[in-house]
Amino acid sequence: MQQEITFFQRDVLKEKPDTASLGFGKYYSDYMFVMDYHVENGWHDPRIIPYAPLTLDPAAMVFHYGQAIFEGLKAYKSADGTIQLFRPEKNMKRLNDSCDRLCIPQIDESFLLSAIKQLIFTEKDWIPDGEGTSLYIRPFIFSTEPYLGVRPANQYKLLVILSPSGAYYGDQLSPVKIYVEEQYVRAVIGGVGHVKTSGNYAASMKAQEKAEANGFAQILWLDAKENKYVEEVGSMNIFFKINGEVVTPKLNGSILPGVTRDSVIELLKYWNIPVHEAKISIEEIFAAHERGELEVFGAGTAAVISPVGELNWNERSITINDNKIGQLSQRIYEEITGIQIGKKADPFNWTVKVAPVEV
């Protein structure tokens, strides 16, 4: 039996930002969903409350041992005003996969998705309707028990916050410059690279800072063992089109199973474009460029598709597709974003409509 969600009314609603100034992660809606966990009574007290700062004990275990995970998905408004999500069940499952890896108690996936829908419907006026805009949804869980011993916590808090998001690229896709990182590594097999833990992203910042200082937008990560095989680009999955076929690094325990990644693979198969999940070395990528056979793009929730215009590795730099977006990258971007906003047919049943729900 699902629990009832309590609603707490806000006295004064915030002034909504202008769509042109949204950016990403700058503004937050009026309400958030909160739920608590205690080892004695499980997940309890689900509620939608005014967005506000949190109060935590200084000894809360999240500060000391990093039991913290998150997810990211979006709500879209179609031309006829319909509000819809894109494959949210995949995010709910991956949230539980992250819980499992960090010894956080499992959540009821269907209940959380219903709660997210209710929160979104409450905040429907925060969903921007400009081209390329969306409402970013950030569920996250962290340990709150005040204790300094090293073990899984007995208390946690789950929150969902919402942030109106502007168009990632503005009017058109722009290829980015990528630096191939050889000093630092993102994740190792057997670690936590295949789930969305907060620490994964903290560990990536040093390399990202170095890349940006040298004029690059993102990092291309290589494997931690041989420093040879491609894994991810920034916080996105990576794809290479080589001589008419598409290859993306095979999931190996250190690569995040992205929802957009899976969608790109399914879409390519639907179009009868050969696509493979396999180990691929950075040497193979540079060799494909020399043969004039290369197109590269990242895939992730924020940008959907991010074309790569330049790769720099081992003091060698290559320009890809004359630093212009490739035909396949453009086609995939238009198809997925078209499905997300209800502009194109959805033969995969990926979209989920948001409506008033009884929880």
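This briefing covers the salt bridges in the structure above. The model is predicted. A search of the whole structure finds 17 salt bridges.

**R94 and E71**
- The side chains of R94 and E71 form a salt bridge, with an N to O distance of 2.6 Å.
- This pair links distant parts of the chain, 23 residues apart.
- R94 belongs to helix α2, which covers residues 88-101.
- E71 sits in the loop between β4 (68-70) and β5 (73-77).
- Both R94 and E71 are buried.

**D262 and K90**
- D262 pairs with K90 in a salt bridge, and their closest N and O atoms are 3.7 Å apart.
- D262 has a relative accessible area of 21%, so it counts as partly exposed, because the buried class ends at under 20%.
- K90 is also partly exposed, at 30% relative accessibility.

**R151 and E145**
- A salt bridge joins R151 to E145, with the closest N and O atoms 2.8 Å apart.
- R151 is partly exposed, and its relative accessible area is 30%.
- E145 has a relative accessible area of 9%, so it is buried.

**A network of four residues**
- Salt bridges also link D36, D45, R47 and K157 in a network.

Notes. Residues are numbered from 1 along each chain as its sequence is written. This is a predicted model: local features need pLDDT of at least 70, side-chain atom pairs count only at pLDDT 80 or more; totals for chains, interfaces and linings use all residues. Side-chain values use heavy atoms; hydrogens and water are left out. Helices (H or I, at least four residues) and strands (E, at least two) are DSSP runs, numbered from the N terminus. Buried means under 20% relative accessible area, exposed over 50%, partly exposed in between (1.4 Å probe, protein chains only).
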